[in-house]
Amino acid sequence: MTHQIKSLDEYKAAYQRSVDDPEAFWAEQAETFHWRKKWDKVLDWNFSEPNVNWFVNGKLNITENCLDRHLETRGDQVAILFEPNDPDADNITYTYKELHAEVCKVANAMKANGIEKGDRVCFYMPMVPELAIGVLACARIGAVHSVVFAGFSAQALADRIKDASCKAVICSDYNVRGAKNIPVKKVVDEALKMDTDSIELVLVHKNTGGDVDMSDSRAKWWHEEVDGQSTECEAEEMDSEDMLFILYTSGSTGKPKGVVHTCGGYMVYTAYSFKNVFQYEEGDIYWCTADIGWITGHSYIVYGPLLSGATTVMFEGVPTYPDAGRFWQVCEKLKVNQFYTAPTAIRALMAQGDQYVDKYDLSSIKVMGSVGEPINEEAWEWYYEKIGKKKAPIVDTWWQTETGGIMIGGLGEHSPMKPAHAGYPLPGIQPCLMDADGNELEGNDVEGLLCVKYPWPSILRTTYGDHERCRQTYFSAFKDLYFTGDGARRDKDGMYRIIGRVDDVINVSGHRMGTAEVENAINEHELVVESAVVGYPHDIKGQGIYAYIITAHPVDDEEAFRKELINVVKEEIGPIAKPDKIQIVSGLPKTRSGKIMRRILRKVASGDTSNLGDTSTLLNPGVVDEIKDNALVK
Ligand code: WTA
């Protein structure tokens, strides 16, 4: 097991060592895992190409570390504790032994269907244990998983299948969330009509048992393929730097890119950060409410916890069904010790009133996490007082799909806390703040662009099929630094406070989205000539989506037009990207070189039109007044 830090002094010592001798530090962590063959060299890197290799020539299989390694010591301990959507339904559990057997069966079924090492397998599934099992089965045979959040549209799914030329897609028949029954397989069927010819297998897990069309010759039932398989499957030997998974995420421009993580470094870092941030102790019940469709679910529902021999809860439902007490009811029922969620959920539940919290016994909670977006002070205080009863520390964890694991955040009760501050970097992480001219801001009480100076084991290796895009996006802004896209402040105590994105990425309910992506979707509507999308402060979601639209001709029924636009966005991306506000404008403020002045649009959308700066150099200054006068602000 990786080392667990047990005091602030120990943290300081570990941090110092990780900076003084990173290779020795990480080698020591890596030693605690099972390797088929040890590495020749700990690290080989440059940030200019970039080319980062951890545990060079090491051979391993991550599932041997998630599963086989635990069989002797904790085979009968619960690995996955599944809480279904229906609060009256029984929990479903998989012990480490059962999970191992199930993963092997699915791995064998995949092999029997021609899936081989290196093949890409897309998952489009709700939060059921079979999703975690399927993902691990891929890793077992060396196939690369690409999980697509099941809230994305058929178009978005097809784009991701095509980008990675996936050989198989694994889905459910339906998905139950709250009172809704969502036809998942139907979305896959639509995606299969969109030039997704690389798909040779559609494996359908029967979740609700509703009607589905299985007429496509590629479609097979999960249970028919899996049930008769052997419960043993020899794990494929993987190189440290073989691909483990692809996960698509949004950036400033273009379509979402496939962030690539590899086996060795990702394993070492997710386990190390999990154990230390959440201070997980033997026998604890750990619950992360994220979806496995996002990086948080990959690293801190599946890999980090299972590598650490934890009991990890998977929740199928939503926080507000049957009522806003659902999270707390589950915490009481399962005696959850570590609880990890997003600020947007905290704010939504806080708004429903304390009566949903007060009736539950939350005394089992030892550590509470926050992730995905900045947590505002009011939400932080409520979380700390009402849920943690001022006893459980909050770890505000800053990280990204690209970083693979938590970069800045507290280590359970061992770190000082400050509301809305992520705090100190984890051992091995060397953040720095830069000004726009490329100078490092030294010392404390400074604000700038957040970068990282030195590789950590779970840094992204490339963006799938387009290495130049990876270099351009993350390694070209500042020489020899990884650029995060976030702005941050280092306060007088050296604690980091994340301010938010400095690029055209917005964060809506903790979901990351590119404004260009939403604009491209909106522009699909035949009446739209041009559009500009910005984020604005939203009480619950953190940021809402505000769209400015130029139409080809005046629209008679604006309400109907708005609905159509929302539908287009739902079809192109999914409901999470639908604009909250749509303003029809006659023009967009542009510079003389034709660039949209988003700064002005962001200010108007936030309801602050007081100081828009100098607009006289705009191509069309007159449009600013029109936009201001018709702004959709409360
Ligand atoms: C934001 C989610 C403030 C940030 C794990 C980052 C945060 C983006 C925090 C990555 C936090 C994440 N405080 N902001 N604790 N955690 N962010 O890739 O802007 O979905 O760049 O990864 O979320 O989002 P992603």
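Helices α3 and α4 cross in the left-handed sense; left-handed means that the near helix is turned anticlockwise from the far one by less than a right angle. The contact is made by Cys66, Leu67, Asp68, His70, Leu71 and Arg74 of α3 and by Tyr96, Lys97, Leu99, His100 and Val103 of α4. Contact here means heavy atoms within 4.5 Å.

This is a predicted model, in which local features need pLDDT of at least 70, side-chain atom pairs count only at pLDDT 80 or more, and totals for chains, interfaces and linings use all residues. Residues are numbered from 1 along each chain as its sequence is written, and side-chain values use heavy atoms, with hydrogens and water left out.

**The helix pair**

- Helix α3 spans residues 62-74 and helix α4 spans residues 96-112. Helices (H or I, at least four residues) and strands (E, at least two) are DSSP runs, numbered from the N terminus.
- The two axes come within 9 Å and cross at roughly 145°. Axes are lines fitted to C-alpha atoms, for helices over the stretch in contact, and angles run from 0 to 180 degrees between N-to-C directions.
- The contact of α3 with α4 has six nonpolar, two polar and three charged residues. Ala, Val, Leu, Ile, Met, Phe, Trp, Tyr, Cys and Pro count as nonpolar, Asp, Glu, Lys and Arg as charged, and the others, Gly among them, as polar.

**The seven-stranded sheet**

- Seven strands form an open sheet with mixed pairing, in the order β5-β4-β17-β16-β18-β19-β20. Two strands pair if DSSP finds at least two bridges between them.
- Strands β5 (92-95) and β20 stand at the edges with a single partner strand each, so one side of each has no neighbour in the sheet.
- Neighbouring strands of this sheet are turned by 20° against each other on average, direction ignored.
- Strand β16 (residues 285-288) pairs with β17 (residues 311-315) in the parallel sense over three bridges. Trp287 has Val313 of β17 as its bridge partner.

**The four-stranded sheet**

- Another open sheet has four strands in the order β21-β22-β24-β25, with antiparallel pairing.
- Its edge strands are β21 (431-434) and β25 (496-501), and each pairs on one side only.
- The twist averages 45° from one strand to the next.
- Strands β22 (residues 446-452) and β24 (residues 482-490) are antiparallel and share six bridges. Glu447 stands opposite Arg489 in β24.

**Cavities**

- There are three cavities of 30 Å³ or more. On a 1 Å grid over the protein atoms alone, a cavity is a set of points where a 1.4 Å probe fits but cannot get out.
- The largest cavity has a volume of about 100 Å³. Grid points are joined across faces, edges and corners, and a volume is the space filled by probe spheres set on the points.
- The lining of the largest cavity has 16 residues, and Ile394, Gly410, Pro416, Met417 and Ala422 lie nearest its centre. Lining residues have an atom within 4 Å of a point.
- Strand β20 (residues 394-397) gives the most to this lining, with three residues.
- Eight of the lining residues are nonpolar, six polar and two charged.

- Most residues other than glycine have a negative phi, and most peptide bonds are trans.
- The peptide bond from Glu49 to Pro50 is cis, with omega near -10°. Pro50 is in the loop between β1 (41-46) and β2 (51-56).
- Tyr321 and Pro322 are also joined by a cis peptide bond, with omega about 0°. Pro322 lies in the loop between β17 and α11 (326-334).
- Lys335 is not a glycine, yet has a positive phi of about 55°. Lys335 sits in the loop between α11 and β18 (338-341).

How values were computed. 1 Å grid on protein atoms, 1.4 Å probe; cavity = no way out; pocket = protein on both sides within 12 Å on 5 of 7 lines; lining within 4 Å.
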